[in-house]
Every structure is written in structure tokens, then in C-alpha cells.
Amino acid sequence: MKQVWTEFEQWLKINRPEAAGTLNEAASELEIAEVEQKMGLTFPKNLKDWLMIHNGQRDEYIAAIDNYTLLPLEEILYTWQTLKELLDGGEFEDFPEIEPIGPVKREFWWNPRWISIATNGGGDDICIDLDPDKEGRVGQIITFWHDWEQREVIADSLEEWVIATINHTDH
């Protein structure tokens, strides 16, 4: 992950220099463990490594990847808690069935085993999927739209998503 971050930071400095200056310092293992405990999830190693290099971005609405900012731990937790409250309160029960593009489970408008790692600030997130459909991979990267049924697998891993950005390829 360190090599991916190094390449990503170089790419940011050239292509999004304003975003490069918004990266946070590293999160600690303890901070990550506390968030995992509150969410009742174990983060994949690549996400932990990612956060222990840079803990997302400062909240300045300067996109790092496409129109998304990278979420720090406190925002990962806040987003998850907010969506979990909505799920537990039955808010998603009358929503239409999702339309997966790729191996994403249809059963959930939002799945509590999705970890938001980036946001566009309007309720749409990029998530790590810890509960993929049977042909999927744990850790695949998916889209979550707050008001649209489509859920799309855009990369098989966090590394692949970042490298696709660096290489200017379609996710």
C-alpha cells in the first residue's frame, strides 16, 4: 500500500495539487481499532495500511479522485452510524430494489458491511464491500448512491481503484 500511496501522492501533485495539500496525517492503529470496535467490523489490511499513511483528507471539499474526497476515520464512522440508524429505523424498507452492476448483493439499499471511504458530499459514496454477492470479492470497491438504485463494482480492491485513477483508466 505504501507504494500505491507514493504513486498516488505524485499523481495528486501533478493532476490535483490543491487536493494534495488536504491530506491528513496518519491514523494510529489504536484509532482504527476504536472505529472498528464501534462499527463491529474488521477493516481489511489494505484499508488499515491506507489510513496509517494518510487518514483521509481535511474537510475542504477538494476532490482527490473524480469528484470524491477521501474520508478520514471520524467521517467513516459518522457515515456508517448515520446509515445504520436509517437502516435500523426502517427508512430503506420502501426503497426500490437495487440494480447491481457486478457482484453486489441486491438485498440491501445500504449494507452495514459497506465501509464508505470517499464521498462527493451529497450523500453518494465509494465503499469497500465486505459482503459481496457470491461472484464478488471481499474488499471490492462499489458505488453507493443515496437516491439511485444502481450499485456498481468499480474495482476489485482499494489498490486497483487508486491505480486506475493514476493510470487514467476507467474504473
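Colleague: Through how many residues does a hairpin join S5 to S6?

Modeller: This is a predicted model, in which local features need pLDDT of at least 70, side-chain atom pairs count only at pLDDT 80 or more, and totals for chains, interfaces and linings use all residues. Residues are numbered from 1 along each chain as its sequence is written, and side-chain values use heavy atoms, without hydrogens and water. Strands (E, at least two residues) and helices (H or I, at least four) are DSSP runs numbered from the N terminus. The hairpin joins S5 to S6 through 5 residues.

Colleague: Do S5 and S6 run parallel or antiparallel?

Modeller: Two strands pair if DSSP finds at least two bridges between them. Strand S5 (residues 140-144) and S6 are joined by 2 bridges, and Ile141 has Ala155 of S6 as its bridge partner. The two strands run antiparallel.

Colleague: Over the ring of which residue does the charged end of Arg151 sit?

Modeller: A charge sits over a ring if NZ of Lys or CZ of Arg is within 6 Å of the ring centre and within 35 degrees of the ring normal. For Arg151 the distance to the ring centre is 4.6 Å, and the ring is that of Trp109.

Colleague: How many of the 6 residues of S6 are buried?

Modeller: Buried means under 20% relative accessible area, exposed over 50%, and partly exposed in between (1.4 Å probe, protein chains only). Strand S6 (residues 150-155) is largely enclosed by the rest of the structure, because its buried residues number 5.

Colleague: Is Thr69 buried or exposed?

Modeller: Thr69 is found in strand S1 (residues 69-70). Leaving aside neighbours within four places in sequence, its contacts (heavy atoms within 4.5 Å) include Gln57, Tyr61 and Ile117. Its relative accessibility is 13%, so Thr69 counts as buried.

Colleague: Is the pair of Trp80 and Trp110 stacked or edge-to-face?

Modeller: Rings of Phe, Tyr and Trp (its six-membered ring) pair if their centres lie within 6.5 Å; planes under 30 degrees apart count as stacked, over 60 as edge-to-face and the rest as tilted. The structure holds 9 aromatic pairs. The rings of Trp80 and Trp110 have centres 6.4 Å apart and planes at 65 degrees, so the pair is edge-to-face.
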